[in-house]
Amino acid sequence: MSGVYLFDLASRQVQYLAVRQAAIAGNIANANTPGYQARDTVPFAQVLSRVGLGMATTSANHLTSQAAPVEAVPLRNSDGWDVLETGSAVRMEQELMKAGEINREHNLNTAVVKSFHRMLLASVRGA
Amino acid sequence: MIEALMSLAAFDKAAPTASSAAASLLQRTAPPVASAGPADFGSVMAQLAAGTSQSLKAGEAAAIAGIQGKATAQQVVEAVMSAEQSLQTAIAIRDKVVNAYLELSRMAI
Amino acid sequence: MIDPLKLSGRLAGAGLEAQSLRLRVVAENIANAQSTAAEAGGDPYSRKTITFRSEIDRLTGAASVRTREIGKDESPFRVEHDPGNPAADKDGNVKMPNVNVLVEMADMREANRSYEANLQMIKQTRSMVASIIDLLRS
């Protein structure tokens, strides 16, 4: 599989994770705000299917190729677990769990990208 | 002469996995022109140079925007990585071409 | 298009500030749990309450948090019979602050937890940006 597809996919995921991180940070900051509705992004798989990730080679100018299909991923209201009256504790744990997920996925993403970038450079140098 | 040019293309056939990545890089660095067919070697090199310089300029612009705070870290990093990849490819090809030319010049006539 | 990671840092920072203010209010309540009035028969320290409101950023739809107000708890003061107290009225009753230390301690623990959670978000945001930049290093 061409390495270009991987970089494009990873780029979209990092963007998605950054938007999700903002949503979760907003939730945690507003844990004690009366009337605040927790928010989250749609799952990443859904974002991909919506945008229709093609396998066409991207242009060398990555700034423009990012600006066009930029998913301003809309934050929708979260249908979380049942919220009790004293429920901010429950929501806090849920939000921290999501934050942990984001952290893991982001670490994996950057590690993979770094590794493939190095491999690509090494293969070109070797050839 | 033909052997020298073949040796340039040989690295493409020699290592399939490496070459697919390198070929994709090549495709990215030198975007193919609409007119296919027996491409002139000179025009291929010209495309490569143009693609590389475009990629480098984009990387520089992204870095400047990043320093000014106008671009996100992700955009800067991606542009710079892409420039790095294009440059490495161009250098590797240039080295191959230079070696091929030297081989040619050593040929007894 | 605003950088989402920069935005998360700002949101978590606002949350940190809010919780820190909340901790200050709780500390003030605890410190003044026994503060009676200055003059005889007067009102003692009134428990302070803090409420937050979310502030929606038009561009991104993200909700930052701000303090709405620091108000006064209107529940009635406790009355103790303590004729020797300087603040006692003519019947020897002293009005004590409407602060329940146990409630304040529980509130303080929760505020602490929220503070830590916001701090963790700041750290995570920072580490995400750092690992992106780290891609350029070999």
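Among contacts in chain A between residues at least 6 apart in sequence, what percentage join residues at least 24 apart? I looked this up before anything else. The value is 74%. Two residues count as in contact if their C-beta atoms, placed from the backbone, lie within 7 Å.

**Ground rules**

I am working on a predicted model, where local features need pLDDT of at least 70, side-chain atom pairs count only at pLDDT 80 or more, and totals for chains, interfaces and linings use all residues. Residues are numbered from 1 along each chain as its sequence is written, while chains are lettered from A and ligands numbered from 1 in the order in which they are written.

**Chains A and B**

I listed the elements of chain A and found 4 helices and 2 strands. Along the sequence they run α-β-α-α-β-α. Helices (H or I, at least four residues) and strands (E, at least two) are DSSP runs, numbered from the N terminus. Of the 127 residues in chain A, 36% are buried. Buried means that 20 or more other C-beta atoms lie within 10 Å of the residue's own, exposed means 12 or fewer, and partly exposed is in between; C-beta atoms are placed from the backbone.

Chain B has 4 helices and 0 strands. Its pattern from the N terminus is α-α-α-α. I noted 32% of its 109 residues as buried. Among chain B contacts between residues at least 6 apart in sequence, 55% join residues at least 24 apart.

**Where C touches A**

This contact takes 28 residues from chain C and 27 residues from chain A. On the chain C side, H1 (4-31), S1 (48-56), S2 (63-72) and H2 (101-133) each supply at least two residues. H2(C) gives the most, with 9 residues. I sorted the chain C side by class: 16 nonpolar, 11 polar and 1 charged. Nonpolar covers Ala, Val, Leu, Ile, Met, Phe, Trp, Tyr, Cys and Pro; charged covers Asp, Glu, Lys and Arg; the others, Gly among them, are polar.

**The nonpolar cores**

A nonpolar core is a set of buried Ala, Val, Leu, Ile, Met, Phe, Trp, Tyr and Cys residues joined through C-beta atoms within 7 Å. The largest one has 42 residues, and Ala22(A), Ala25(A) and Leu11(C) have the most contacts inside it. H1(A) provides the largest share, 12 residues. I then checked Ala25(A). Leaving out residues up to four places away in sequence, Ala25(A) touches Ser8(C), Leu11(C), Ala12(C), Met121(C) and Thr125(C). A second, separate core has 7 residues, including Leu121(A) and Ile93(B).

**Helix pairs around H4(B)**

H3(B) and H4(B) pack at about 155°, with axes 8 Å apart. Axes are lines fitted to C-alpha atoms, for helices over the stretch in contact, and angles run from 0 to 180 degrees between N-to-C directions. The two helices are therefore roughly antiparallel. Angles under 35 degrees count as roughly parallel, over 145 as roughly antiparallel, 65 to 115 as roughly perpendicular and the rest as oblique. I sorted the contact of H3(B) with H4(B) by class: 12 nonpolar, 8 polar and no charged residues.

Next I took H4(B) with H2(C). Their angle is about 15°, and their axes are 9 Å apart. That makes H4(B) roughly parallel to H2(C). Ala73(B), Gln74(B) and Val77(B) meet Val129(C), Ile132(C) and Ile133(C).
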